[in-house]
Amino acid sequence: MNINPIQLFDVESSTFTYILIADDDKSAVIIDPVDHHWERDLLHLQRLGLTLVYVLETHAHADHVTSAGKLRQIAHAQAAVPSGCGIVPADVQLDDGDIVRFGARDQIAVLHTPGHTAGSVSYLWRGNVFTGDTLLIDGCGRTDFQSGSSAALYDSVTGKLFTLHDATKVWPAHDYKGQSVSTIGWEKQHNARLAHRSKEDFSMLMAGLNLPKPKLMDIAVPANQNLGLPHGA
Ligand code: FE2
């Protein structure tokens, strides 16, 4: 039994991919896989004798391309994605409150957490929350593209994620400082962007970031809306 996910990293985009293993059989789920790591990820699954049943996305990423389509083909898994992200070829469109079941009794709860993008979700599994780019360790995802909204992100974090148990482990989609995991209790107290801030204060802070457009955005978003497969595939 492993109540922690396996955490894998892509140095180029500072992206975390997670493998969740069922408590009582060899079923596994992968979250936010990256295109050029599909072989690495399959090797992990093979080494542990795991059967991949679902590939989950937290949103349509702008900074890297997913391997969801490829993993789905090779491992015969199902791609399950947030319904608000325009990822049409997925097998399952997920909405707030949905449950993804795998193994004999494992359950992943879907929390709609808009703000970074309108469709973004977080996934809650056995005391772990996979927050995508909604809540990062000591930060949060940007809210200035892909129908992002600082007000929505504030509500998602303070109204949903921060209501989870303080001991819930936070596993983000990215980290740029070498951090790997946090907790809801810690982020509630110490998150530099969100802790002890009003919505107005947070929105002003986000509006002043003036971040450059991600280099891969024009390629990555349409690719990810096709599960990372060439269009027409
Ligand atoms: Fe993102």
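Biologist: What makes Ser150, Leu153, Tyr154, Ser156 and Val157 of helix H3 (residues 150-159) count as buried?

Modeller: Buried means under 20% relative accessible area, exposed means over 50%, and partly exposed lies in between, with a 1.4 Å probe and protein chains only. In H3, Ser150, Leu153, Tyr154, Ser156 and Val157 belong to the buried class. They cover an arc of only 165 degrees around the axis, which places them on the same side of H3; the arc is taken from the directions between the helix axis and the C-beta atoms. The model is predicted, so local features need pLDDT of at least 70 and side-chain atom pairs count only at pLDDT 80 or more, while totals for chains, interfaces and linings use all residues. Residues are numbered from 1 along each chain as its sequence is written, and side-chain values use heavy atoms, with hydrogens and water left out.

Biologist: What covers the buried residues of H3?

Modeller: The cover includes strand E11 (135-136), strand E12 (139-140) and helix H5 (199-207). Those labels are DSSP runs, numbered from the N terminus: helices (H or I) have at least four residues and strands (E) at least two.

Biologist: Why is Ser149 called a cap of H3?

Modeller: One of its side-chain oxygens lies 3.4 Å from the backbone nitrogen of Ala151, at the N-terminal end of H3. A polar contact needs N or O atoms within 3.5 Å; within protein, one must be able to donate a hydrogen and the other to accept it, and residues adjacent in sequence count only if both atoms are side-chain atoms.

Biologist: How do you know which residues hold the iron ion?

Modeller: Donors are N, O and S atoms within 2.8 Å of the metal (3.2 Å for Na, K and Ca); water is not among the atoms, so a site may look incomplete. His59 (NE2), His116 (NE2) and Asp133 (OD) coordinate the iron ion at 2.0 to 2.3 Å. His59 lies in the loop between strand E4 (51-56) and helix H2 (68-75), and Asp133 in the loop between strand E10 (128-132) and E11, so the pair ties together parts 74 residues apart in sequence. His59 and Asp133 are both buried.

Biologist: What makes E10 and strand E13 (residues 169-172) a pair?

Modeller: Two strands pair if DSSP finds at least two bridges between them. E10 and E13 have four, in the parallel sense, with Gly132 bridged to Pro172. E13 and E14 have two, in the antiparallel sense. These strands belong to an open six-stranded sheet ordered E7-E8-E9-E10-E13-E14, with mixed pairing. Strand E7 (99-102) and strand E14 (182-183) stand at the edges with a single partner strand each, so one side of each has no neighbour in the sheet.

Biologist: Why is Ser182 called buried?

Modeller: Its relative accessibility is 7%, so Ser182 counts as buried. Ser182 sits in E14 and is the bridge partner of Val170. Contact means heavy atoms within 4.5 Å, and the residues Ser182 touches include Ile137, Thr168 and Glu187. A polar contact of 2.5 Å also joins the side chains of Ser182 and Glu187.

Note on methods: Lists of a residue's contacts leave out its neighbours within four places in sequence.
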